[in-house]
Amino acid sequence: MTARATDDASDCVAHSYGQVQDFFRRHPCSALVRAQLELQDRRGDVVLVPIAWVEMPTADEAGALKTLLDGSGTGNITELSREQGRYRSVRYAGSAYASRLDGRIVVNAQAEPVARGWTGLALSTVVSNAIN
């Protein structure tokens, strides 16, 4: 496992898309930290795991953000791989996704294989472990 990139920001609007971006326009975040992990198996197959930690001003806003993030097709925090590095063309299907709420902080992660070889069960385990 390699952490290929990390980013520390407070402008959640600039680093999100879809309905999630609209939410941040109405409810600005307090802080945003993003990381991009790259996992590689023995055969060289790669899976990307973007993780985002968002701090909101209140626990209620954090809960509303988590609910929105967990919805299908609502948008997300922009994955670092979309902004930098060699995996800019990778699109995330959202099929391997997990999130967690901890007071005013929402953590979410997803996994997307860059090459074949990663199964649904393995990806689900990766994202579950990433948010804990």
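Predicted model: local features only at pLDDT ≥ 70, side-chain atom pairs only at ≥ 80, totals over all residues.
Start with the cysteines. The whole structure holds one disulfide. Cys12 and Cys29 form it, with their sulfur atoms 2.1 Å apart. The link ties together distant parts of the chain, 17 residues apart. Cys12 sits in the loop between strand S1 (2–9) and strand S2 (16–18). Cys29 sits in the loop between H1 and strand S3 (31–40). Both Cys12 and Cys29 are buried. The torsion about their S-S bond is about 95°, so the disulfide is right-handed. A bond of this kind is covalent and runs between the sulfur atoms of two cysteines.

Next come the charged pairs. The model has five salt bridges. Three of the pairs are described here.

One of them joins Arg25 to Asp22, with the closest N and O atoms 2.9 Å apart. Both residues belong to helix H1 (residues 19–26). They are three residues apart, about one turn of the helix. How accessible are the two partners? Arg25 has a relative accessibility of 52%. The cut-off for exposed is over 50%, so Arg25 counts as exposed. Asp22 is partly exposed, at 34%.

Helix H2 (residues 59–70) carries a pair of its own, Lys66 and Asp70. Here the spacing is four residues, again about one turn of the helix. The side chains meet in a salt bridge, with N to O at 2.6 Å. Asp70 is partly exposed, with a relative accessible area of 35%.

Another salt bridge links Arg100 and Asp102. Their closest N and O atoms are 3.8 Å apart. A salt bridge needs the nitrogen within 4 Å of the oxygen, so this pair counts. Arg100 is partly exposed at 26%. Asp102 is also partly exposed, at 48% relative accessibility.

Now turn to the hairpin. Strand S6 (residues 97–102) and strand S7 (residues 105–110) run antiparallel. How many bridges join S6 to S7? There are six. In one of the pairings, Ser99 has Asn108 in S7 as its bridge partner. Two residues lie between the strands of this hairpin. There, Gly103 takes a positive phi near 65°.

One contact leads back along the chain. Thr58 lies in the loop between strand S4 (46–55) and H2. Its relative accessible area is 34%, which means that Thr58 is partly exposed. Thr58 and Ile105 are 47 residues apart along the chain. Their C-alpha atoms are separated by 9.0 Å.

The last stop is the largest pocket. Its volume is about 240 Å³.

Notes. Residues numbered from 1 in each chain as written. Heavy atoms only, no water. Buried < 20%, exposed > 50% of the residue type's maximum accessible area, 1.4 Å probe, protein only. Pairing = 2+ DSSP bridges. 1 Å grid on protein atoms, 1.4 Å probe; cavity = no way out; pocket = protein on both sides within 12 Å on 5 of 7 lines; lining within 4 Å. Points joined across faces, edges and corners; volume = space filled by probe spheres on them. Disulfide = S-S within 2.5 Å.
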